[in-house]
Amino acid sequence: MVVQSPKCVQESSISNGEVSLRTDSEFQKRVSPRLKEKQRVEKELLVRRRVELLDDNEEAVASAVGGGSEEKGSEKKKKTYKRRCIGGNVSQEEEKKVNGEVATTAEDSEAGNGAVKGVVAEKSDIAKVKETIRLFNKYYLLLVQEEEKRCRKVEADEKASKVSKSKKKESKATKGSKSKKLVVPVLPEDKKSKAKRPDLKAISKMMENGEILYPEKRIGNIPGIRVGHQFYSRAEMVAVGFHSHWLNGIDYMGQNYSKLEEHKGKTFPLAVAIVLSGMYEDDLDNAEDVLYTGQGGHDLTGNKRQIQDQKMERGNLALKNCVEQKVAVRVIRGHESKSSYCGKVYTYDGLYQVVHYWAEKGISGFTIFKFRLRRQDGQPLLTTNQVQFSYGRVPQSVSEIRGLVCEDITGGQEDIPIPATNLVDDPPVAPTGYKYCKSIQVAKNVKLPTNVTGCNCNGKCVDPRTCACARLNGSDFPYVSRDGGRLIEAKDVVFECGPNCGCGPDCLNRTSQRGLKYRLEVYRTPKKGWAVRSWDFIPSGAPVCEYTGILMKTEDTDSVSENNYIFDIDCLQTMRGLGGRERRFGDVSVPTIISSDRHDDLRSESVPEFCIDAGSTGNIARFINHSCEPNLFVQCVLSSHHDIKLARVMLFAADNIPPLQELTYDYGYALDSVYGPDGKIKQMACYCGAPDCRKRLF
């Protein structure tokens, strides 16, 4: 898999002169070549979209009179989706090589971008699965937030109750009353009865909204879920439709499915999937060959013992019918894992044939049904053992790191050292050409606001109704405290507590300010240069790192041709949906400190005024590569001030990320938005390897 990190733009001019730029004198302010180029690109894209609309109108008229122009339709440019630009990790030699492998003109791009012009490609099955699990995680975290609020209320009520009881006792002692009143401790009972599992409530909500990906049960493989896929809870399987029950081990199709034409001739119930999770004392798992104990009759308290006989009904009957009709079932193995909130991770190990069944007396003396399953041939290699011992592949000490070229690229600046490894180059080299800096550096001509007010909370912010910072986030906190703080969902901007707030460093609303908490590694790849991966599991919504460098004005980046690490702070542009950017929705209150209505800001409102230059100085984020299906997302955060144009840029986990998976985010380039020195559209191929890869980075 190759991910490259090129320049955002290069200086050029449009040879036909159709798009003109305002002169510097109009603004009475210096405009850099890079800013000029970005303005020109934005305007040309706008012109293209207007031309597309005119072409659409002409075609509509032509079709109304029986005519049409196929030629005009074929010349339409694709709509852009640009959100932000960022440079990265490909050397100039590598960039030239990649550019030489792809088309260099707009005409060539029509045949080489891997997509039909004007047609939005349908999402792959894998992308649909990922999208569904992300939706589940969003609901899950929202419901975790509700549960945390409920628990805080219960605690507050308990404290109030104790205070009230204490006062009553003091009052009775004072009056010398000898009468005693029976006090029933209802709070613990009440607390237990009201507690709900957020994961189960999340799948209930998805069922109500019709958001289960595959609501109808299927025999065989499920589209988008390959052998080796990991689920971090049983609820995730239900959300996708891979296994429809969060507790039962056997998932089966009932009698209703016999009415469907595609299942005529089959005897129901029929099993479609089983989960091996060690719930029964008589289970025997030899990987390729499984001895599975039927369902029912075991102690639900968790000691695995049988307490009564099993019956040939429901799931047991469904597995028996699979034997007689030679229907394969999906096998999922569960194993202990600290990464999952439920204590287990579940891995899909492929299709198994139920070859035999019988009844016998179990270890506890009760009748049980046993089913022998054998893995079908021709499937990918069994992955459970690899997944189960994945932590064994993670080095536990410096001496175990293969290809180590630097023990800590941070030079001790971070609380957790970041090693660099290189098993590609000969001789191996370490990352060079920059100075590591864990925090943002501000250019001399950039002044950060200092008059921002904070909240008046003490210790930790707990009540969103009284916290001023929470009110800016839509009268609620954007994080939940689970796993050390997780962002519930991506927002236009997140307002955190800052230096002028009364709360302390442990406040939940300072989650992104706590530095690195995962063990990261920079490693060399064969084609894309340096990349980043984590040695630890990272839960969705967790902050990974900040993008640091020199905070400067966009117009001052004159050396763009030699700098591949420019990150435009386009939070304001994203909020307004300018330049084809994808808007985010969230209840936020934008302070009046935003000065975007000044005349000199209107000159280029689609071009961010400020950027972060990580070319000469930066942190781990400068090594993170692009992917068309990333596992991180970009989030603008405000804490020390409230000027959106100067927001901090944070990277959060978009998915549950297993150890050793490369960390990536979408650079957000628009196709045909970058021009070469000759004025022609410049292109770079994308080799991220994602199922829905756009084939081109720009």
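UniProt positions are given here in the numbering of this chain, and the annotations may be inferred rather than shown by experiment. The structure described is a predicted model. The UniProt record, an unreviewed entry, places the feature "domain: Post-SET" at residues 682-698. In the model, this span is 0% helix and 0% strand, and its end C-alpha atoms lie 8 Å apart.

Strand β3, covering residues 270-276, is largely enclosed by the rest of the structure, because 7 of its 7 residues are buried. Strand β2 (residues 250-253) runs antiparallel to β3, and 4 bridges join the two. Within this pairing, methionine 253 has leucine 270 of β3 as its bridge partner. β3 also pairs with strand β6 (residues 328-336), in this case in the parallel sense and over 4 bridges. Here the bridge partner of leucine 276 is arginine 333 in β6.

Helix α10 comprises 12 residues, 314-325, and reaches 16 Å from its first C-alpha to its last, close to the 16 Å expected at 1.5 Å a residue. The buried residues of α10 are Gly315, Asn316, Ala318, Leu319, Lys320, Asn321, Cys322 and Val323. The elements that cover these buried residues include β2, β3 and β6, together with β5 (289-293), β7 and β8 (367-375). Lysine 326 follows α10 and has a positive phi, near 55 degrees.

Strand β7 spans residues 344-361 and contains lysine 344. This lysine 344 is buried yet has no salt bridge. A salt bridge requires a side-chain nitrogen of Lys or Arg within 4 Å of a carboxyl oxygen of Asp or Glu, whereas the nearest side chain of opposite charge to lysine 344, that of glutamate 336, is 4.3 Å away. Leaving aside residues up to four places away in sequence, lysine 344 touches Tyr232, Ser277, His335, Glu336 and Ser337.

Side chains of opposite charge can pair when their charged atoms come close. The structure holds 26 salt bridges. In one of them, the side chains of lysine 128 and glutamate 122 meet with an N to O distance of 3.2 Å. Lysine 128 counts as partly exposed, at 25% relative accessibility, while glutamate 122 counts as exposed, at 64%.

A further salt bridge links glutamate 489 with lysine 138, the closest N and O atoms being 3.3 Å apart. Because glutamate 489 lies in the loop between β14 (486-487) and β15 (494-495) and lysine 138 lies in helix α6 (residues 125-175), the pair ties together parts that are 351 residues apart in sequence. Glutamate 489 is partly exposed, with a relative accessible area of 26%, and lysine 138 is partly exposed, with a relative accessible area of 30%.

Aspartate 536 and arginine 519 also form a salt bridge through their side chains, at 2.8 Å from N to O. Aspartate 536 is located in the loop between β17 and β18 (543-546) and arginine 519 in the loop between β15 and β16, so this pair ties together parts that are 17 residues apart in sequence. Aspartate 536 counts as buried, at 16% relative accessibility, and arginine 519 as partly exposed, at 27%.

Alanine 420 has valine 522 of β16 as its bridge partner.

Another open sheet of 4 strands has the order β15-β24-β25-β18, and its pairing is mixed. β15 and β18 stand at the edges with a single partner strand each, so one side of each is left without a neighbour in the sheet. β18 pairs with strand β25 (residues 648-653) in the antiparallel sense, over 3 bridges. In this pairing, cysteine 545 stands opposite leucine 651 in β25.

How values were computed:
Residues are numbered from 1 along each chain as its sequence is written. This is a predicted model: local features need pLDDT of at least 70, side-chain atom pairs count only at pLDDT 80 or more; totals for chains, interfaces and linings use all residues. Side-chain values use heavy atoms; hydrogens and water are left out. Two strands pair if DSSP finds at least two bridges between them. Buried means under 20% relative accessible area, exposed over 50%, partly exposed in between (1.4 Å probe, protein chains only). Lys and Arg count as positive and Asp and Glu as negative; His and the chain ends are not counted. Contact means heavy atoms within 4.5 Å. The expected span of a helix is 1.5 Å times one less than its number of residues.
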